[in-house]
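Dear colleague,

Please find the structure below, handed over for your reference. The notes after it set out what was found.

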Amino acid sequence: MQRLFPEHHLRRHLELPPLWTLTTLDAGGLDHPVQTVVPCVWESIPGLRAYKGRAAYENTFEAGGTLRFVFGGVSFRAQVYLDGEQIAGHYGAFTAFDAVAENVPHGIHTLRIVADNRYGEDSALHVENDYYSYGGVNRPVDVQQLGDAYLTDLSVRTRCEAGQWIADVQVTAHSLCDEDREISVFVSAGSAEHLFKAQHLPARGRLVLNASLPAQNVRPWSPESPQLCMARAVLLENGRPTDDLCDRFGYREVKVEGNRILLNGKPLVIKGFNRHETYADFGSAVPLQAMVHDIQLMKDMNANAVRTCHYPNDPRFLDLCDEMGMLVWEEVHARGLVEQQMLHPLFRPQTEQCAREMVAQHGNHPSIFIWGCLNECEDTTPASAEIFRWNYDLLRRLDPSRPVTAALLDRRGSRVLADSDVDSLNLYPLWYHPTDPAVHVEKMTRWAAENGGAGKPVLISEIGAGGIYGNHDPAMPKWSEERQAEIVRRQIDAVLSHPACSGIFLWQFADTRVDESWAEKRPGCLNNKGVVDSYRRPKLAYAAVKQAFARY
Ligand code: ADA
(Lines give C-alpha, C1' and ligand atoms only; values in the text may rest on other atoms or scores of the structure.)
Protein backbone atom coordinates (compact mmCIF):
# COMPACT_ATOMS: atom_id res chain seq x y z
CA MET A 1 0.00 0.00 0.00
CA GLN A 2 1.27 3.43 -0.94
CA ARG A 3 -0.99 5.14 1.61
CA LEU A 4 -2.65 4.56 4.99
CA PHE A 5 -6.14 4.34 3.47
CA PRO A 6 -7.57 2.65 0.37
CA GLU A 7 -6.99 4.83 -2.73
CA HIS A 8 -9.42 2.70 -4.71
CA HIS A 9 -12.67 0.87 -3.95
CA LEU A 10 -13.39 -0.08 -7.55
CA ARG A 11 -9.91 -0.46 -9.09
CA ARG A 12 -8.47 -3.86 -8.28
CA HIS A 13 -5.10 -4.26 -6.52
CA LEU A 14 -3.05 -7.40 -7.13
CA GLU A 15 -1.02 -8.72 -4.22
CA LEU A 16 2.58 -9.49 -5.18
CA PRO A 17 4.27 -12.37 -3.36
CA PRO A 18 6.05 -10.84 -0.31
CA LEU A 19 9.52 -12.23 -1.05
CA TRP A 20 11.59 -10.79 -3.90
CA THR A 21 14.95 -12.02 -5.20
CA LEU A 22 17.78 -9.48 -5.00
CA THR A 23 20.81 -9.89 -7.25
CA THR A 24 23.68 -7.39 -7.26
CA LEU A 25 25.07 -6.54 -10.69
CA ASP A 26 28.38 -4.79 -10.03
CA ALA A 27 31.71 -5.35 -8.27
CA GLY A 28 31.48 -5.24 -4.50
CA GLY A 29 28.12 -7.01 -4.49
CA LEU A 30 27.23 -10.57 -3.53
CA ASP A 31 28.09 -13.63 -5.57
CA HIS A 32 24.64 -15.07 -4.98
CA PRO A 33 21.05 -13.84 -4.99
CA VAL A 34 19.32 -13.19 -1.68
CA GLN A 35 15.66 -13.05 -0.71
CA THR A 36 14.19 -9.83 0.59
CA VAL A 37 10.95 -8.00 1.06
CA VAL A 38 10.08 -4.61 -0.47
CA PRO A 39 10.57 -1.91 0.75
CA CYS A 40 14.16 -2.77 1.55
CA VAL A 41 17.45 -0.99 0.85
CA TRP A 42 20.34 -3.32 0.19
CA GLU A 43 22.53 -1.69 2.86
CA SER A 44 20.49 -3.63 5.45
CA ILE A 45 21.48 -6.93 3.84
CA PRO A 46 24.66 -8.61 5.17
CA GLY A 47 27.61 -7.86 2.90
CA LEU A 48 25.95 -4.89 1.18
CA ARG A 49 26.24 -2.20 3.88
CA ALA A 50 28.51 -0.03 1.70
CA TYR A 51 27.59 -1.33 -1.78
CA LYS A 52 27.50 1.33 -4.46
CA GLY A 53 26.21 -0.09 -7.72
CA ARG A 54 23.18 -1.68 -9.32
CA ALA A 55 21.00 -4.50 -8.09
CA ALA A 56 17.92 -6.21 -9.51
CA TYR A 57 14.83 -6.88 -7.42
CA GLU A 58 12.71 -9.59 -9.12
CA ASN A 59 9.27 -10.96 -8.42
CA THR A 60 6.97 -13.26 -10.38
CA PHE A 61 3.21 -13.07 -10.23
CA GLU A 62 0.09 -14.28 -12.07
CA ALA A 63 -2.03 -11.68 -13.88
CA GLY A 64 -3.27 -10.45 -17.27
CA GLY A 65 -5.01 -7.54 -19.01
CA THR A 66 -4.01 -3.91 -18.49
CA LEU A 67 -1.69 -3.56 -15.50
CA ARG A 68 -0.53 -0.38 -13.77
CA PHE A 69 2.59 -0.61 -11.65
CA VAL A 70 3.16 2.08 -9.01
CA PHE A 71 6.65 2.46 -7.49
CA GLY A 72 6.66 4.57 -4.33
CA GLY A 73 10.42 5.19 -4.50
CA VAL A 74 13.54 3.54 -5.94
CA SER A 75 16.95 4.81 -4.89
CA PHE A 76 18.50 6.41 -6.73
CA ARG A 77 17.79 5.59 -10.35
CA ALA A 78 15.38 2.89 -11.58
CA GLN A 79 14.98 0.84 -14.74
CA VAL A 80 11.92 -1.42 -14.65
CA TYR A 81 11.25 -4.44 -16.86
CA LEU A 82 8.19 -6.66 -17.32
CA ASP A 83 9.14 -10.05 -18.79
CA GLY A 84 12.40 -8.51 -19.98
CA GLU A 85 10.82 -5.51 -21.73
CA GLN A 86 11.55 -2.08 -20.19
CA ILE A 87 8.33 -0.40 -19.00
CA ALA A 88 9.68 2.47 -16.86
CA GLY A 89 12.73 4.51 -15.89
CA HIS A 90 13.04 7.11 -13.15
CA TYR A 91 15.59 9.41 -11.47
CA GLY A 92 15.10 10.25 -7.82
CA ALA A 93 14.53 8.18 -4.69
CA PHE A 94 11.92 10.32 -3.03
CA THR A 95 8.91 10.53 -5.36
CA ALA A 96 6.71 7.88 -6.97
CA PHE A 97 6.44 6.88 -10.61
CA ASP A 98 4.23 4.48 -12.56
CA ALA A 99 4.00 2.38 -15.71
CA VAL A 100 1.02 0.94 -17.61
CA ALA A 101 1.34 -2.35 -19.51
CA GLU A 102 -1.54 -3.16 -21.86
CA ASN A 103 -2.74 -6.48 -23.32
CA VAL A 104 -0.68 -8.53 -20.91
CA PRO A 105 -1.58 -12.18 -21.64
CA HIS A 106 -2.91 -13.95 -18.57
CA GLY A 107 -0.19 -16.04 -16.96
CA ILE A 108 3.00 -15.88 -14.88
CA HIS A 109 5.05 -12.72 -15.34
CA THR A 110 8.34 -11.36 -14.02
CA LEU A 111 8.74 -7.83 -12.72
CA ARG A 112 12.40 -6.69 -12.48
CA ILE A 113 13.42 -3.40 -10.86
CA VAL A 114 17.07 -2.44 -11.36
CA ALA A 115 18.09 0.15 -8.76
CA ASP A 116 21.35 2.10 -9.03
CA ASN A 117 22.78 4.24 -6.20
CA ARG A 118 26.07 5.21 -7.83
CA TYR A 119 27.03 8.86 -8.06
CA GLY A 120 27.77 10.04 -11.56
CA GLU A 121 27.73 12.74 -14.21
CA ASP A 122 24.06 11.91 -14.94
CA SER A 123 23.08 12.97 -11.44
CA ALA A 124 22.94 16.56 -10.23
CA LEU A 125 21.01 16.04 -6.99
CA HIS A 126 22.40 12.71 -5.79
CA VAL A 127 25.90 13.70 -4.70
CA GLU A 128 28.21 12.79 -1.80
CA ASN A 129 26.64 14.45 1.20
CA ASP A 130 26.08 14.78 4.93
CA TYR A 131 23.49 12.03 4.69
CA TYR A 132 23.69 8.58 3.16
CA SER A 133 22.21 7.78 -0.26
CA TYR A 134 20.87 4.28 0.12
CA GLY A 135 20.26 1.83 -2.71
CA GLY A 136 17.19 -0.18 -3.52
CA VAL A 137 13.42 -0.17 -3.51
CA ASN A 138 12.87 2.07 -0.49
CA ARG A 139 9.10 2.48 -0.77
CA PRO A 140 6.16 0.14 -1.59
CA VAL A 141 5.34 -1.32 -5.04
CA ASP A 142 1.69 -1.71 -6.10
CA VAL A 143 0.14 -3.55 -9.07
CA GLN A 144 -3.34 -2.53 -10.23
CA GLN A 145 -5.78 -3.83 -12.85
CA LEU A 146 -7.14 -1.12 -15.20
CA GLY A 147 -9.96 -0.91 -17.71
CA ASP A 148 -9.57 1.20 -20.82
CA ALA A 149 -10.03 4.50 -18.94
CA TYR A 150 -8.68 5.46 -15.54
CA LEU A 151 -8.23 8.38 -13.13
CA THR A 152 -5.07 9.97 -11.73
CA ASP A 153 -3.92 13.16 -9.97
CA LEU A 154 -6.86 13.90 -7.70
CA SER A 155 -5.87 17.32 -6.31
CA VAL A 156 -7.68 19.19 -3.50
CA ARG A 157 -6.75 22.68 -2.31
CA THR A 158 -8.87 24.43 0.30
CA ARG A 159 -9.57 28.13 0.97
CA CYS A 160 -11.89 30.20 3.06
CA GLU A 161 -13.61 33.13 1.32
CA ALA A 162 -15.67 35.41 3.59
CA GLY A 163 -16.23 32.56 6.00
CA GLN A 164 -17.17 30.06 3.27
CA TRP A 165 -14.81 27.08 2.97
CA ILE A 166 -14.22 25.95 -0.61
CA ALA A 167 -12.42 22.85 -1.92
CA ASP A 168 -10.85 23.34 -5.35
CA VAL A 169 -10.78 19.86 -6.87
CA GLN A 170 -9.00 18.64 -10.00
CA VAL A 171 -8.79 15.15 -11.48
CA THR A 172 -7.40 13.71 -14.72
CA ALA A 173 -9.06 10.97 -16.80
CA HIS A 174 -6.93 8.93 -19.18
CA SER A 175 -8.04 6.88 -22.17
CA LEU A 176 -6.34 3.63 -23.18
CA CYS A 177 -8.83 3.22 -25.97
CA ASP A 178 -8.34 3.86 -29.70
CA GLU A 179 -11.72 5.57 -30.02
CA ASP A 180 -13.03 8.84 -28.58
CA ARG A 181 -15.32 8.21 -25.60
CA GLU A 182 -18.04 9.98 -23.67
CA ILE A 183 -17.60 9.64 -19.93
CA SER A 184 -18.97 11.18 -16.76
CA VAL A 185 -16.95 11.84 -13.63
CA PHE A 186 -18.38 12.24 -10.13
CA VAL A 187 -16.21 14.11 -7.63
CA SER A 188 -16.77 14.62 -3.91
CA ALA A 189 -14.79 16.46 -1.24
CA GLY A 190 -16.21 15.79 2.18
CA SER A 191 -19.95 16.26 1.84
CA ALA A 192 -19.66 18.53 -1.24
CA GLU A 193 -20.02 16.88 -4.64
CA HIS A 194 -20.29 17.51 -8.38
CA LEU A 195 -21.05 15.43 -11.45
CA PHE A 196 -19.26 16.18 -14.72
CA LYS A 197 -21.74 14.86 -17.30
CA ALA A 198 -21.08 13.80 -20.91
CA GLN A 199 -17.39 14.66 -21.07
CA HIS A 200 -15.43 14.04 -24.24
CA LEU A 201 -12.41 11.84 -23.59
CA PRO A 202 -10.25 11.73 -26.73
CA ALA A 203 -8.81 8.44 -27.99
CA ARG A 204 -5.55 7.69 -26.13
CA GLY A 205 -5.86 11.17 -24.62
CA ARG A 206 -6.55 12.73 -21.27
CA LEU A 207 -9.12 15.08 -19.79
CA VAL A 208 -8.47 17.41 -16.83
CA LEU A 209 -11.58 18.39 -14.87
CA ASN A 210 -11.82 21.19 -12.27
CA ALA A 211 -14.56 22.02 -9.78
CA SER A 212 -14.78 24.43 -6.82
CA LEU A 213 -17.00 22.86 -4.17
CA PRO A 214 -18.37 25.04 -1.33
CA ALA A 215 -18.54 23.09 1.94
CA GLN A 216 -20.92 23.26 4.89
CA ASN A 217 -20.33 22.38 8.55
CA VAL A 218 -16.56 22.34 8.14
CA ARG A 219 -14.27 21.37 11.01
CA PRO A 220 -10.91 22.83 9.98
CA TRP A 221 -7.65 20.87 10.16
CA SER A 222 -4.98 21.94 12.60
CA PRO A 223 -2.25 20.05 14.48
CA GLU A 224 -4.36 20.39 17.63
CA SER A 225 -7.52 19.18 15.83
CA PRO A 226 -6.44 17.16 12.76
CA GLN A 227 -9.85 16.87 11.09
CA LEU A 228 -9.55 14.93 7.82
CA CYS A 229 -12.03 14.48 4.95
CA MET A 230 -12.12 12.07 2.04
CA ALA A 231 -12.08 13.21 -1.55
CA ARG A 232 -13.21 10.80 -4.24
CA ALA A 233 -13.51 10.75 -8.01
CA VAL A 234 -15.54 8.08 -9.82
CA LEU A 235 -15.35 7.52 -13.56
CA LEU A 236 -18.62 6.41 -15.20
CA GLU A 237 -18.95 4.89 -18.66
CA ASN A 238 -22.55 4.56 -19.92
CA GLY A 239 -23.63 5.36 -16.36
CA ARG A 240 -21.61 2.48 -14.92
CA PRO A 241 -18.79 3.19 -12.43
CA THR A 242 -15.60 1.68 -13.88
CA ASP A 243 -12.77 3.34 -11.97
CA ASP A 244 -12.21 5.51 -8.91
CA LEU A 245 -9.52 7.37 -7.01
CA CYS A 246 -9.61 8.53 -3.37
CA ASP A 247 -7.41 10.82 -1.33
CA ARG A 248 -7.58 12.57 2.01
CA PHE A 249 -7.44 16.30 2.67
CA GLY A 250 -8.19 18.84 5.40
CA TYR A 251 -9.92 22.19 5.31
CA ARG A 252 -7.19 24.62 6.30
CA GLU A 253 -5.62 27.74 4.92
CA VAL A 254 -2.00 28.92 5.25
CA LYS A 255 -1.21 32.61 4.74
CA VAL A 256 1.73 34.91 5.40
CA GLU A 257 0.65 38.20 6.97
CA GLY A 258 3.40 40.60 7.99
CA ASN A 259 6.03 38.71 9.93
CA ARG A 260 3.72 35.83 10.88
CA ILE A 261 2.63 32.56 9.25
CA LEU A 262 -1.12 32.09 9.81
CA LEU A 263 -2.92 28.75 9.90
CA ASN A 264 -6.67 29.36 9.66
CA GLY A 265 -6.02 32.96 10.70
CA LYS A 266 -3.95 32.14 13.79
CA PRO A 267 -0.17 32.83 14.01
CA LEU A 268 1.90 29.65 14.10
CA VAL A 269 4.64 28.98 16.65
CA ILE A 270 6.70 26.21 15.10
CA LYS A 271 8.42 23.85 17.52
CA GLY A 272 9.92 21.26 15.26
CA PHE A 273 12.63 18.85 14.28
CA ASN A 274 14.60 18.17 11.16
CA ARG A 275 14.13 14.46 10.38
CA HIS A 276 16.04 12.50 7.78
CA GLU A 277 13.97 9.59 6.44
CA THR A 278 16.26 6.89 7.80
CA TYR A 279 16.13 4.38 10.63
CA ALA A 280 19.15 2.50 11.94
CA ASP A 281 19.60 -0.74 9.95
CA PHE A 282 16.58 -0.14 7.71
CA GLY A 283 18.12 2.95 6.13
CA SER A 284 15.66 4.92 4.03
CA ALA A 285 13.17 2.01 3.93
CA VAL A 286 11.69 3.16 7.23
CA PRO A 287 9.10 0.68 8.57
CA LEU A 288 5.62 2.09 9.23
CA GLN A 289 5.82 1.27 12.94
CA ALA A 290 9.02 3.29 13.16
CA MET A 291 7.35 6.24 11.44
CA VAL A 292 4.57 6.17 14.06
CA HIS A 293 7.15 5.86 16.85
CA ASP A 294 9.08 8.88 15.54
CA ILE A 295 5.97 11.05 15.62
CA GLN A 296 5.05 9.78 19.09
CA LEU A 297 8.54 10.72 20.33
CA MET A 298 8.42 14.18 18.70
CA LYS A 299 4.99 14.88 20.18
CA ASP A 300 6.22 13.62 23.57
CA MET A 301 8.88 16.32 23.34
CA ASN A 302 6.07 18.89 22.79
CA ALA A 303 6.99 19.37 19.12
CA ASN A 304 4.31 20.29 16.58
CA ALA A 305 6.31 20.24 13.34
CA VAL A 306 8.81 18.28 11.26
CA ARG A 307 11.02 19.30 8.33
CA THR A 308 11.62 16.59 5.73
CA CYS A 309 15.30 17.46 5.31
CA HIS A 310 16.35 17.41 2.47
CA TYR A 311 13.90 15.70 0.15
CA PRO A 312 10.21 14.65 -0.22
CA ASN A 313 9.13 11.98 2.27
CA ASP A 314 7.14 8.75 2.12
CA PRO A 315 3.41 9.58 1.67
CA ARG A 316 2.64 7.18 4.53
CA PHE A 317 4.70 9.37 6.89
CA LEU A 318 2.85 12.42 5.59
CA ASP A 319 -0.46 10.58 6.11
CA LEU A 320 0.60 10.04 9.74
CA CYS A 321 1.42 13.73 10.14
CA ASP A 322 -2.04 14.57 8.75
CA GLU A 323 -3.72 12.18 11.14
CA MET A 324 -1.61 12.63 14.28
CA GLY A 325 -1.37 16.42 13.91
CA MET A 326 2.18 17.42 12.91
CA LEU A 327 2.92 20.40 10.67
CA VAL A 328 5.32 19.61 7.82
CA TRP A 329 7.90 21.61 5.90
CA GLU A 330 8.53 19.45 2.84
CA GLU A 331 11.31 20.26 0.41
CA VAL A 332 12.67 19.56 -3.02
CA HIS A 333 15.81 17.43 -2.96
CA ALA A 334 18.94 19.55 -2.55
CA ARG A 335 21.60 20.04 0.11
CA GLY A 336 24.62 22.30 0.23
CA LEU A 337 25.26 22.56 -3.52
CA VAL A 338 27.91 24.99 -4.77
CA GLU A 339 27.30 27.10 -7.85
CA GLN A 340 29.07 24.71 -10.16
CA GLN A 341 26.77 21.89 -9.04
CA MET A 342 23.72 24.16 -9.47
CA LEU A 343 24.88 24.94 -13.01
CA HIS A 344 25.15 21.23 -13.86
CA PRO A 345 23.13 20.81 -17.09
CA LEU A 346 20.82 18.30 -15.42
CA PHE A 347 20.30 20.30 -12.21
CA ARG A 348 17.26 22.22 -13.43
CA PRO A 349 15.45 19.34 -15.17
CA GLN A 350 16.08 17.00 -12.24
CA THR A 351 15.03 19.67 -9.72
CA GLU A 352 11.91 20.50 -11.73
CA GLN A 353 10.98 16.83 -11.99
CA CYS A 354 11.35 16.39 -8.22
CA ALA A 355 9.34 19.55 -7.50
CA ARG A 356 6.54 18.63 -9.91
CA GLU A 357 6.25 15.09 -8.55
CA MET A 358 6.43 16.30 -4.93
CA VAL A 359 3.61 18.83 -5.34
CA ALA A 360 1.45 16.56 -7.51
CA GLN A 361 1.80 13.56 -5.19
CA HIS A 362 1.89 15.32 -1.77
CA GLY A 363 -0.09 18.53 -2.33
CA ASN A 364 -3.28 17.25 -0.67
CA HIS A 365 -1.65 16.69 2.73
CA PRO A 366 -3.04 19.40 5.05
CA SER A 367 -0.02 18.94 7.33
CA ILE A 368 2.32 20.44 4.72
CA PHE A 369 2.24 24.19 5.44
CA ILE A 370 5.29 25.30 3.41
CA TRP A 371 7.41 24.13 0.48
CA GLY A 372 11.19 24.35 0.77
CA CYS A 373 14.08 24.03 -1.68
CA LEU A 374 17.84 24.55 -2.14
CA ASN A 375 18.96 23.90 1.45
CA GLU A 376 22.18 25.84 2.11
CA CYS A 377 22.90 26.04 -1.58
CA GLU A 378 25.10 28.81 -2.93
CA ASP A 379 23.17 32.09 -2.79
CA THR A 380 25.78 34.87 -3.07
CA THR A 381 26.33 34.97 -6.85
CA PRO A 382 24.04 36.34 -9.59
CA ALA A 383 23.71 32.91 -11.21
CA SER A 384 22.87 31.09 -7.97
CA ALA A 385 20.41 33.80 -6.91
CA GLU A 386 18.64 33.43 -10.24
CA ILE A 387 18.30 29.68 -9.58
CA PHE A 388 16.68 30.41 -6.20
CA ARG A 389 14.18 32.73 -7.90
CA TRP A 390 13.53 30.09 -10.57
CA ASN A 391 12.90 27.44 -7.91
CA TYR A 392 10.57 29.71 -5.89
CA ASP A 393 8.62 30.67 -9.03
CA LEU A 394 8.30 27.00 -10.01
CA LEU A 395 6.88 26.04 -6.59
CA ARG A 396 4.50 29.03 -6.59
CA ARG A 397 3.23 28.09 -10.03
CA LEU A 398 2.76 24.48 -9.00
CA ASP A 399 0.96 25.41 -5.77
CA PRO A 400 -0.10 29.04 -5.05
CA SER A 401 -1.77 27.86 -1.82
CA ARG A 402 1.42 27.53 0.24
CA PRO A 403 4.36 29.85 1.09
CA VAL A 404 7.84 28.97 -0.20
CA THR A 405 11.20 29.21 1.52
CA ALA A 406 14.76 27.92 1.56
CA ALA A 407 16.98 27.20 4.56
CA LEU A 408 19.92 29.56 4.10
CA LEU A 409 23.41 29.24 5.47
CA ASP A 410 24.21 32.32 7.56
CA ARG A 411 26.87 33.54 5.15
CA ARG A 412 27.62 37.08 4.10
CA GLY A 413 26.39 38.37 0.77
CA SER A 414 23.22 36.35 0.37
CA ARG A 415 21.27 37.69 -2.61
CA VAL A 416 18.03 35.83 -2.03
CA LEU A 417 16.55 37.07 1.26
CA ALA A 418 13.96 39.17 -0.56
CA ASP A 419 12.69 36.37 -2.81
CA SER A 420 11.07 33.84 -0.47
CA ASP A 421 7.80 34.20 1.44
CA VAL A 422 9.50 33.19 4.69
CA ASP A 423 13.15 33.76 5.65
CA SER A 424 14.68 30.58 7.01
CA LEU A 425 18.11 30.54 8.60
CA ASN A 426 20.41 27.69 9.64
CA LEU A 427 22.37 28.80 12.72
CA TYR A 428 24.75 26.85 14.95
CA PRO A 429 25.76 29.12 17.83
CA LEU A 430 27.81 27.30 20.54
CA TRP A 431 28.53 24.44 18.12
CA TYR A 432 30.28 25.72 15.00
CA HIS A 433 31.22 29.01 16.71
CA PRO A 434 31.32 30.05 20.40
CA THR A 435 28.61 32.69 20.07
CA ASP A 436 25.89 33.20 22.64
CA PRO A 437 22.65 31.94 21.02
CA ALA A 438 20.59 34.96 22.04
CA VAL A 439 23.22 37.31 20.61
CA HIS A 440 23.48 35.29 17.39
CA VAL A 441 19.72 35.00 16.84
CA GLU A 442 19.34 38.78 17.31
CA LYS A 443 22.29 39.45 14.98
CA MET A 444 21.12 37.10 12.23
CA THR A 445 17.43 38.11 12.30
CA ARG A 446 18.59 41.74 12.07
CA TRP A 447 20.96 40.77 9.20
CA ALA A 448 18.07 39.11 7.35
CA ALA A 449 15.82 42.15 7.83
CA GLU A 450 18.54 44.53 6.61
CA ASN A 451 19.34 42.44 3.52
CA GLY A 452 15.98 41.99 1.88
CA GLY A 453 13.97 40.07 4.44
CA ALA A 454 12.40 43.02 6.26
CA GLY A 455 8.84 42.47 7.45
CA LYS A 456 8.77 38.74 6.62
CA PRO A 457 8.36 35.78 8.97
CA VAL A 458 11.61 34.16 10.12
CA LEU A 459 12.06 30.47 10.86
CA ILE A 460 15.26 29.12 12.36
CA SER A 461 15.29 26.09 10.10
CA GLU A 462 18.28 24.44 11.69
CA ILE A 463 20.00 24.85 15.05
CA GLY A 464 21.56 22.18 17.24
CA ALA A 465 24.66 20.45 18.54
CA GLY A 466 26.37 17.09 18.48
CA GLY A 467 26.21 14.49 21.23
CA ILE A 468 27.35 10.88 21.02
CA TYR A 469 24.88 8.46 22.59
CA GLY A 470 26.31 7.06 25.84
CA ASN A 471 29.19 9.56 25.95
CA HIS A 472 28.89 11.14 29.40
CA ASP A 473 31.38 13.52 30.93
CA PRO A 474 30.70 15.90 33.87
CA ALA A 475 33.22 18.31 32.31
CA MET A 476 30.68 18.60 29.45
CA PRO A 477 33.14 18.60 26.53
CA LYS A 478 31.77 18.74 22.99
CA TRP A 479 30.21 15.45 21.84
CA SER A 480 29.14 14.68 25.43
CA GLU A 481 25.43 14.23 25.93
CA GLU A 482 25.61 16.80 28.75
CA ARG A 483 27.05 19.52 26.49
CA GLN A 484 24.55 18.81 23.73
CA ALA A 485 21.62 19.11 26.16
CA GLU A 486 22.91 22.41 27.55
CA ILE A 487 23.53 23.94 24.10
CA VAL A 488 20.15 22.85 22.72
CA ARG A 489 18.32 24.21 25.77
CA ARG A 490 19.94 27.63 25.31
CA GLN A 491 19.32 27.61 21.57
CA ILE A 492 15.58 26.88 21.98
CA ASP A 493 15.17 29.67 24.54
CA ALA A 494 17.06 32.12 22.31
CA VAL A 495 14.87 31.37 19.28
CA LEU A 496 11.41 30.97 20.81
CA SER A 497 11.79 34.05 23.01
CA HIS A 498 12.83 36.25 20.07
CA PRO A 499 9.92 38.38 18.74
CA ALA A 500 11.08 38.10 15.10
CA CYS A 501 11.03 34.29 15.08
CA SER A 502 7.98 32.23 14.09
CA GLY A 503 9.64 29.03 15.17
CA ILE A 504 12.45 26.55 15.17
CA PHE A 505 13.41 23.23 13.58
CA LEU A 506 16.07 21.55 15.71
CA TRP A 507 18.90 19.81 13.92
CA GLN A 508 18.15 17.03 14.31
CA PHE A 509 15.64 14.44 15.51
CA ALA A 510 17.76 11.27 15.15
CA ASP A 511 21.37 10.43 14.34
CA THR A 512 21.78 9.57 10.70
CA ARG A 513 24.38 7.75 8.62
CA VAL A 514 26.44 10.00 6.33
CA ASP A 515 28.54 9.43 3.24
CA GLU A 516 32.05 8.17 3.90
CA SER A 517 33.46 11.42 2.43
CA TRP A 518 32.16 13.23 5.56
CA ALA A 519 33.86 10.81 7.99
CA GLU A 520 36.47 13.22 9.37
CA LYS A 521 33.79 15.54 10.76
CA ARG A 522 31.25 12.85 11.64
CA PRO A 523 32.35 10.36 14.34
CA GLY A 524 31.31 6.86 13.29
CA CYS A 525 30.17 8.21 9.94
CA LEU A 526 27.07 9.49 11.68
CA ASN A 527 25.61 12.96 11.92
CA ASN A 528 25.41 12.77 15.72
CA LYS A 529 23.22 15.82 16.30
CA GLY A 530 20.12 13.77 16.95
CA VAL A 531 18.34 14.09 20.29
CA VAL A 532 17.88 10.35 19.90
CA ASP A 533 20.37 7.97 18.34
CA SER A 534 19.65 6.11 15.11
CA TYR A 535 17.80 3.42 17.11
CA ARG A 536 15.77 6.19 18.79
CA ARG A 537 17.45 5.74 22.17
CA PRO A 538 17.07 9.12 23.93
CA LYS A 539 20.09 11.25 24.80
CA LEU A 540 20.02 13.79 27.67
CA ALA A 541 18.99 16.38 25.07
CA TYR A 542 15.60 14.63 24.78
CA ALA A 543 14.51 15.81 28.24
CA ALA A 544 16.05 19.24 27.66
CA VAL A 545 14.02 19.72 24.48
CA LYS A 546 10.84 18.41 26.11
CA GLN A 547 11.15 20.90 28.99
CA ALA A 548 12.18 23.81 26.76
CA PHE A 549 9.43 23.32 24.18
CA ALA A 550 6.89 23.08 26.99
CA ARG A 551 7.79 26.63 28.00
CA TYR A 552 6.49 28.11 24.70
C1 ADA B 1 23.63 22.02 7.62
C2 ADA B 1 22.87 21.07 6.71
C3 ADA B 1 22.47 19.80 7.39
C4 ADA B 1 23.60 19.24 8.26
C5 ADA B 1 23.96 20.30 9.31
C6 ADA B 1 25.11 19.84 10.21
O7 ADA B 1 22.80 22.94 8.22
O8 ADA B 1 21.71 21.68 6.19
O9 ADA B 1 22.14 18.84 6.37
O10 ADA B 1 24.71 18.98 7.45
O11 ADA B 1 24.40 21.46 8.65
O12 ADA B 1 24.95 18.79 10.86
O13 ADA B 1 26.11 20.55 10.25
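In what follows, a residue is called buried when its relative accessible area is under 20%, exposed when that area is over 50%, and partly exposed in between, using a 1.4 Å probe and protein chains only. This is a predicted model, in which local features need pLDDT of at least 70 and side-chain atom pairs count only at pLDDT 80 or more, while totals for chains, interfaces and linings use all residues. Residues are numbered from 1 along each chain as its sequence is written, and side-chain values use heavy atoms, with hydrogens and water left out. Helices (H or I, at least four residues) and strands (E, at least two) are DSSP runs, numbered from the N terminus.

Helices α4 and α5

Two packed helices are described by the angle between their axes and the distance between the axes. For helix α4 (residues 347-362) and helix α5 (residues 382-398), the axes come within 10 Å and cross at roughly 25°. Such axes are lines fitted to C-alpha atoms, for helices over the stretch in contact, and the angles run from 0 to 180 degrees between N-to-C directions. Angles under 35 degrees count as roughly parallel, over 145 as roughly antiparallel, 65 to 115 as roughly perpendicular and the rest as oblique. The helices α4 and α5 are therefore roughly parallel to each other.

Contact here means heavy atoms within 4.5 Å. On the α4 side, the residues that meet α5 are Phe347, Arg348, Thr351, Glu352, Ala355, Arg356, Met358 and Val359. Their counterparts in α5 are Glu386, Ile387, Trp390, Asn391, Leu394, Leu395, Arg397 and Leu398. The residues of this contact divide into nine nonpolar, two polar and five charged. In that division, Ala, Val, Leu, Ile, Met, Phe, Trp, Tyr, Cys and Pro count as nonpolar, Asp, Glu, Lys and Arg as charged, and the others, Gly among them, as polar.

Aromatic pairs

The structure holds 17 aromatic pairs. Rings of Phe, Tyr and Trp (its six-membered ring) pair if their centres lie within 6.5 Å; planes under 30 degrees apart count as stacked, over 60 as edge-to-face and the rest as tilted. Phe388 and Tyr392 form an edge-to-face pair, at 6.2 Å centre to centre and with 65° between the planes. These two residues are four apart in helix α5, so about one helical turn separates them. Phe388 is buried, with a relative accessible area of 0%, and Tyr392 is buried as well, at 1%. Elsewhere, ring pairs link Phe76, Tyr91, Phe94, Tyr131 and Tyr311 into a cluster.

Phe76 also has a backbone feature: the peptide bond from Ser75 to Phe76 is cis, with omega near 5°. This residue lies in the loop between β6 (74-75) and β7 (77-82).

Helix α2

Is helix α2 (residues 315-324) mostly covered or mostly open? It is mostly covered, with eight of its 10 residues buried. Those residues are Pro315, Arg316, Phe317, Leu318, Asp319, Leu320, Cys321 and Asp322. Among the elements that cover them are β18 (240-249), α1 (288-300), β24 (327-331) and α4.

Individual residues in loops and strands

Glu378 sits in the loop between β25 and α5 and is buried, at 15% relative accessibility. Not counting residues up to four places away in sequence, Glu378 touches Leu337, Val338, Glu339, Met342, Ser384, Phe388 and Arg411.

Thr278, in the loop between β22 (270-274) and α1, is buried at 8% relative accessibility. Beyond its neighbours within four places in sequence, Thr278 is in contact with Tyr134, Gly283, Ser284, Val286, Thr512 and Arg536.

Met230 belongs to strand β17 (residues 229-237) and is partly exposed, at 37% relative accessibility. Met230 and Glu352 are 122 residues apart in sequence and 29 Å apart in space, C-alpha to C-alpha.

Two residues other than glycine deserve mention for a positive phi. Ala162, in the loop between β12 (149-161) and β13 (164-175), has phi near 50° and is exposed, with a relative accessible area of 90%. Trp479, in the loop between β28 (458-463) and α7 (481-496), has phi near 80° and is partly exposed, at 22% relative accessibility.

Yours sincerely
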